[in-house]
Amino acid sequence: MSDTLRAELSRVAARLGADGLDFVLERPRDAEHGDLATNLAMVLARRERANPRKTAERVLEELKLPPNLISKTEIAGPGFINFWLAETQLAAAHQHILEAGAQYGRSTWGAGLKVNVEFVSANPTGPLHVGHGRGAALGDAIASLLEWTGHAVTREFYVNDAGVQIDKLAQSLWVRVRQEAGHDAEIPEGGYHGEYLRENARQVLAEEGRTFADLPQEEGIERCRHIAVRLQRAEQDRDLVEFGVKFDVITFEQAAYNSGGVDRTLELLARRRLTYEAEGALWLRTTDFGDDKDRVLRKGDGSLTYLTPDIAYHVDKHDRGFDRVIDVWGADHHGYIPRMQAALAALGYPPEFFDVELVQLVRVLRGNEEVRMSKRSGEFVTLRDLVQEVGVDAARYFFLARKGASPLDFDIELAKRQTDENPIFYVQMAHARLSGIFRTAGREAESVEGKLDLDALPAAEDTELLKKLVQFPEVVDKAAREREPHRVTVYLHELAGVIHGWYHRTRTVGEEARTEQARLLLARAARVVLANGLGVLGISAPDRM
């Protein structure tokens, strides 16, 4: 419906001499202002220095809409045009919901585009913390939204298994192995102190035998390097699977060195005359491509900076045929974005190839008190601890309740509360209540069929619910285009509020036969939309609470 109206408004803009004009067609916040509203006349008026209300009249005169699409139009305020959908369109939309079922809300505008979404990508140096959990929920939901809009999506996890942090991890595990075997040893400066390394050390001794602790230090540390990465990656995978997140591809940083990918990238940059040597280091000319200063690729001591393997990694993504890559990074990497953009622009990649979604910090609260750490990690609240306490559904919903780039307070007590104050309980209870209607009626929801008789729905709440349901495809579309899953959580909370109001202020089972049938059809459609919306976010839609 909105697509048809948007296309016609674009045609009118072109006819009035403004082809390709950027305007808004959206749902008004106040239902009294119609079902859809546009600022087209105001944008045209600014361009022509004309009276916006007079321009709105011209727009309406030029509109040629299909019959029975719009029942009423109105020029409001400084030149907004408000539209009310015809009831026949609402009935048709309801029928589409039932026919599409689990596919309702999907579209194909991204068909033919291969997208790589890389997220979490935690260093294999310890358990996943709640910040990783928020990144996991965000990345997985973005990937899901892109799939819902027709994109071919690959979910990828990048393992930083090379560098100083892995050296510290290997040394720390070796010390814990020695300590567990009864030897004196101390964690090196900057090493890892969490209880999880003691667990790993006990596992090493159980698998390798007590004599492992007597190996020469260099050999012991080198073997601990591989063991530590393996154990930490296995634990991270277990936590992510429990959280409902599965990756299609796991890529290891070390593989880029072993395969020659890093060397080939340096050669590629040199061939394009994008590098130079100064002060004993190798530099990349990123200032030629928008960065505020050139960046070092290889330091004077011969070691490579983080930027070098990262460029090689994204070259590899490009070589694998992805049209777009979306990386989900912690907010502390904000300053890193321009240099990656500049490096990829230097290679000739289009601007739309590379995008970053930032994830801000999560503050975990228990009521009014901040929870700072778990015993196991020694430094932070782990994702595992959080999920075990509040459940996967609550954790994912809370993580997605706000835009990823906004800080988030996660109240554990609120997430466990079985009341309407808890947003995930509130939304899931709406689905359970709708399911309860069918149990009371003694019917399976899918057995309720037929066309919706709008004349049999006398309450304003009936129409309000129906109008809210037909917004879902637009919400998915907008959330996918903007890569903002929180738009779906906001919509689900609003929809749940409409459902609860409809449930309390109207009656379904026991009403006059025509009204009972119509409301059962409406309840079935509402179940579909709620389940689909929760499904996009990787959250269950329970029939009972």
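Let me begin with Arg-324, which is partly exposed at a relative accessible area of 22%; here buried means under 20% relative accessible area, exposed over 50%, and partly exposed in between, with a 1.4 Å probe and protein chains only. Colleagues, this is a predicted model, in which local features need pLDDT of at least 70 and side-chain atom pairs count only at pLDDT 80 or more, while totals for chains, interfaces and linings use all residues. Residues are numbered from 1 along each chain as its sequence is written, and side-chain values use heavy atoms, leaving out hydrogens and water.

The side chain of Arg-324 forms a salt bridge with that of Asp-355, at 3.2 Å from N to O. By salt bridge I mean a side-chain nitrogen of Lys or Arg within 4 Å of a carboxyl oxygen of Asp or Glu. This pair links distant parts of the chain, 31 residues apart: Arg-324 belongs to strand E11 (residues 324-330) and Asp-355 to strand E12 (residues 354-359). Helices (H or I, at least four residues) and strands (E, at least two) are DSSP runs, numbered from the N terminus. Asp-355 is also partly exposed, at 23%.

I turn now to helix H8 (residues 217-242), where Asp-237 and Arg-233 lie 4 residues apart, about one turn of the helix. Their side chains meet in a salt bridge at 2.7 Å, N to O. Arg-233 is buried, at 5% relative accessibility, whereas Asp-237 is partly exposed, at 31%.

A further salt bridge joins the side chains of Glu-421 and Arg-417, at 3.6 Å from N to O. Glu-421 is exposed, at 54%, and Arg-417 is partly exposed, at 31%.

Finally, salt bridges link Asp-140, Glu-147, Arg-155 and Arg-396 in a network. Across the whole structure, the search finds 46 salt bridges.
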